[in-house]
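Please read them alongside the model.

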Amino acid sequence: MEIRTEETMAVMFADVCDSTRLYEVLGDAAALALTGECIRQIIGIAGRYGGKLVKTMGDGALFTFVSSDDAYCTAVHVQETLRGADLKVRVGFHAGPVIVADDDVFGATVNIASRLAGLASPGEVVMSRACVNALHPAYRSNTQRLNSAVVKGSADAVEIYRTLGDPENITVAVGQFQHTLEKRLGFLTLTYQGKQSRLDGSSGSMLLGRDFGCGLIVNSDWASRRHATLEIQNSRFTLTDHSTNGTFCLDDNQRLQVLKRQATFLLTSGVISLGIDPSQNQDNLIRYQFATG
């Protein structure tokens, strides 16, 4: 084995839950097809956030990311995409130095990430304190400390965190529900050509496009009449593209996503460009700014 380099990165494991039972209930062919489709979905989502697939392992996959933010966005997006699906996935990630060799990764960071994924419940995302410390504040506010545990690969106890569950799964008095939702959700401010719009827990969906019936009218030849929808889904601001040319989202970490009949979450701040790369559309950029309540 030739060791190429030692790098610092975020390492994420995603494992399909209870795959053994699937094979017993569905049979080999059907279970393999269902598990494979789930893994392909995870790989596709990870790729949108710059994730590098290191390898698949039957009912799971290992990824590396440049930052904890990218791993977090992938993990959250995976769980939201699979919500209500027949399969559940455990996700765990950790950040630190890894040894890269022969297109694989090794070291304590990898071992800890694997162990964290094993500790997660079906549909849950868990991470280490090292990852939480490196997260954007908007992401960090959506995490909760679970406990500390000594895990394989670490001589000391690792503080374990998870992403917070949906507000509808929290038992609160009816009169407190809206306040709880708004506090957890925060609000999103859109700025276009000097005019501002605000979305929060009480907002409905907003259409973006050239049509005069849109909530945000964008006067651009690149924008479709009803180009995209911004709405709240599962307590997150979700942008869905409906256009031919696509919707471009560039966040403040300079991570660019191109949506073509796809959706993404607006979890921090950045710009939205309808139909064209943001660098070529300075006059018609939509600035979005997330803030906690």
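Buried here means under 20% relative accessible area, exposed over 50%, and partly exposed in between (1.4 Å probe, protein chains only). The model is predicted, so to speak of local features a pLDDT of at least 70 is needed, side-chain atom pairs count only at pLDDT 80 or more, and totals for chains, interfaces and linings use all residues. Residues are numbered from 1 along each chain as its sequence is written, and side-chain values use heavy atoms, with hydrogens and water left out.

1. Salt bridge between Arg 129 and Glu 159. Ten salt bridges turn up in a search of the whole structure, each a side-chain nitrogen of Lys or Arg within 4 Å of a carboxyl oxygen of Asp or Glu. One of them joins Arg 129 and Glu 159 at 3.3 Å, N to O. Arg 129 is in helix α5 (residues 129-134) and Glu 159 in strand β8 (residues 158-163), so the bridge ties together parts 30 residues apart in sequence. Helices (H or I, at least four residues) and strands (E, at least two) are DSSP runs, numbered from the N terminus. Arg 129 counts as partly exposed because its relative accessibility is 34%; Glu 159, at 26%, is also partly exposed.

2. Salt bridge between Asp 211 and Arg 225. The closest N and O atoms of this pair are 2.5 Å apart. Asp 211 lies in the loop between β11 (206-209) and β12, and Arg 225 in the loop between β12 and β13, so parts 14 residues apart in sequence are tied together. Asp 211 is buried at 17%, whereas Arg 225 is partly exposed at 49%.

3. A network. Arg 255 and Asp 251 form a salt bridge with closest N and O atoms 2.7 Å apart, and both residues are buried. Salt bridges with shared partners join Asp 70, Asp 251 and Arg 255 into one network.

4. Aromatic pairs. The whole structure holds three aromatic pairs, meaning rings of Phe, Tyr and Trp (its six-membered ring) with centres within 6.5 Å; planes under 30 degrees apart count as stacked, over 60 as edge-to-face and the rest as tilted. Among them, Phe 63 and Phe 65 are tilted, at 6.4 Å centre to centre and 40° between the planes. Both are buried. Tyr 72 and Tyr 139 are stacked, at 4.8 Å and 20°. This pair links helix α3 (residues 68-81) with helix α6 (residues 137-140), its members being 67 residues apart. Tyr 72 is buried because its relative accessibility is 2%.

5. His 227. This residue lies in the loop between β12 (216-217) and β13 (228-233). His 227 is buried, with a relative accessible area of 0%.
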